Amino acid sequence: MNLTTEHLSDILIGIARAQNAVVEAMEHASPGFRNTYALPLITLAANMRAGDPRMVDLSARILMRLQGRVALDNAAVKADLERLMSGKPVAAPVAFAPPKVVAAPATPKPAAAPAADAGAGGLDFSAKP
């Protein structure tokens, strides 16, 4: 039997959907179960704090994706499987790169305008004390 990454990703997504059905059933039986009990344990199992996920974390990460409102993409799971099977480390994403510090150009501040209507209570908030 030839099992491709596409077949394996379909199997993993199917298992995660079955697990999600159990979480949904528990949520209906006991409101608040998902956020109080299930999500913290799924997050722990998915090893979400690790920047470079391992193969063993993939099934829990798929279940974690199903907890959100974003549709699960089979191609993304397939790409994750192929990357993990290749053994290549993940390049640091741009979102996690340290920010570049750029000095802001010096602009002269405009002079404060005199109070236009000092007779109407003298409430001019543009003038600095």
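Let me begin with a definition: a residue is called buried under 20% relative accessible area, exposed over 50%, and partly exposed in between, with a 1.4 Å probe and protein chains only. What we have here is a predicted model, in which local features need pLDDT of at least 70 and side-chain atom pairs count only at pLDDT 80 or more, while totals for chains, interfaces and linings use all residues. Residues are numbered from 1 along each chain as its sequence is written, and side-chain values use heavy atoms, with hydrogens and water left out.

With that in mind, Tyr 37 is exposed, at a relative accessible area of 51%, whereas Phe 33 is buried, at 19%. These two residues lie four apart in helix H2 (residues 33-46), so about one helical turn separates them; helices here are DSSP runs of H or I with at least four residues, numbered from the N terminus. The structure holds one aromatic pair, and in it the rings of Phe 33 and Tyr 37 have centres 5.9 Å apart and planes at 35°, so the pair is tilted (rings pair if their centres lie within 6.5 Å, and planes under 30 degrees apart count as stacked, over 60 as edge-to-face and the rest as tilted).

Now to the helix packing. Helix H1 (residues 5-29) packs against helix H3 (residues 58-67) at an angle of about 55°, and their axes are 9 Å apart, the axes being lines fitted to C-alpha atoms over the stretch in contact, with angles from 0 to 180 degrees between N-to-C directions. Contact, meaning heavy atoms within 4.5 Å, involves residues including Leu 12, Ile 13 and Ala 16 of H1 and Ile 62, Leu 63 and Leu 66 of H3.

How values were computed: Rings of Phe, Tyr and Trp (its six-membered ring) pair if their centres lie within 6.5 Å; planes under 30 degrees apart count as stacked, over 60 as edge-to-face and the rest as tilted.
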